[in-house]
Amino acid sequence: MGALSTSEIDALGARAEAMVNALGAISAEPDRLVRLFLTPEHRRAADRVAEWMRKAGLEVAEDALGTLRGRLEGQGGKRLLIGSHIDTVIDAGKYDGPFGVIAGILAIEHFARAGKRLPFGIDVLAFGDEEGSRFPVTLTSSSACAGIFTPEMLALADRNGVTLADAIKAYGKSPAEIPGAAHSPDETAAYVEVHIEQGPVLEARNQPLGVVTAIIGQTYLNVEFSGQAGHAGTVPMLLRRDALAGAAEAILVGETLARETKGEVVATVGRMSVSPGASNVIPGNVAVVFDIRSGSEAARAKLVEALTWGIREIADRRHLGLTIASTREVATTPCHPYIQDQFAEAIRALGADPLRLGSGAGHDGQAMARLCPIGMLFLRCRGGISHNPMEYASPRDLGLAVAALIGFIERFDPGKL
Ligand SMILES: [Zn+2]
């Protein structure tokens, strides 16, 4: 199969955009996009995707968590899985998730139409629970496919008190059949996903496509400073034990340490509680949460250690009580180097420069990595905006992303993993 022409790529982009718009119209609310896991909107979106899969020549099945699977048989051996999610956040954009599923369908259709059997089979997967917008858990559908779903998840309830188990039944499925959703590691070569970047890097570098190096790990560091609340007018500055001034210094230490890594680590404090919280009272107690992320486990650990040391020094110097606890540790999920290289080759063949970048957002690949090697392809989105109705990717970039996925499939050899 030869390279795709510009007009073929544009035709793929136009079709992808129409499909993105079709799914974007399926919402629980008339004025904004809301499509939660195991709801009637999920059902409608899945039915639409199933119809596209059948038209593309795929054999469609659905597992106990509503994950759709469109299968193209190959000449045997292991299968390549291509997936993304069709659930959304509340007041979502149209591209986050659905485009990855659509790219998979359009890429497979390209091969199904050619009528030539690939050396390996392909499954396109449409997961229903990536955003975690309904239940206080996320990646349940990809966890089931990866064989790491835990039954404790079934008891978790949404805002209306409906448990995951009950929602599965209401969707016409059976929780008892979840183990059957697991793909066999012996039959699975790799999992790949195409996704909008959800950040500004590709746009800033003027490149349509990028190769993801890793889905980056995360630490939540909960830090609480306790000082002495007191009268803002009567307590002299030198006698104060101001918990907020200590926290402010700590936040700047976090920012400085992250800046010194030159992009390797990002650190954010987006939430702080100040007690007693009155403008005429010296703050007695302050709790902040540091969100620290990096594609490198070592770099993240190093920053957490340096920050912890810095915070202790601040508390000592200011005579503040201190507690530090790590409340969330998510390991970095590396993308397989072979998969990265094949995506890079496919991008180069389209005349673009394959920028390599980490994913700051979580993805289904974090669960699928427990099953098989994973990889991701990013495409540029306008302004880096995501989780917002302003989310946008141009039809040209959508077409290039599908073309790069086709190029990846042409290059992919499960024996080289
Ligand atoms: Zn997503």
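Buried residues are those under 20% relative accessible area, exposed ones are over 50%, and partly exposed ones fall in between (1.4 Å probe, protein chains only). The structure is a predicted model, in which local features need pLDDT of at least 70, side-chain atom pairs count only at pLDDT 80 or more, and totals for chains, interfaces and linings use all residues. Residues are numbered from 1 along each chain as its sequence is written, and side-chain values use heavy atoms, with hydrogens and water left out.

**View A. Protein donors of the zinc ion.** His85 (NE2), Asp96 (OD) and His195 (NE2) lie 1.9 to 2.2 Å from the zinc ion. Donors are N, O and S atoms within 2.8 Å of the metal (3.2 Å for Na, K and Ca); water is not among the atoms, so sites may look incomplete. Along the chain, the donors follow the spacing H-x10-D-x98-H. His85 and Asp96 are both buried.

**View B. Salt bridge between Arg71 and Asp123****.** A salt bridge places a side-chain nitrogen of Lys or Arg within 4 Å of a carboxyl oxygen of Asp or Glu. For Arg71 and Asp123 the N to O distance is 2.8 Å, and both residues are buried.

**View C. Salt bridge between Arg79 and Glu73****.** The two side chains meet at 4.0 Å, N to O. Arg79 is buried, at 15% relative accessibility, whereas Glu73 is partly exposed, with a relative accessible area of 36%.

**View D. Salt bridge between Glu249 and Arg317****.** The closest N and O atoms of this pair are 2.5 Å apart. Glu249 is partly exposed at 22% relative accessible area, and Arg317 is partly exposed at 42%.
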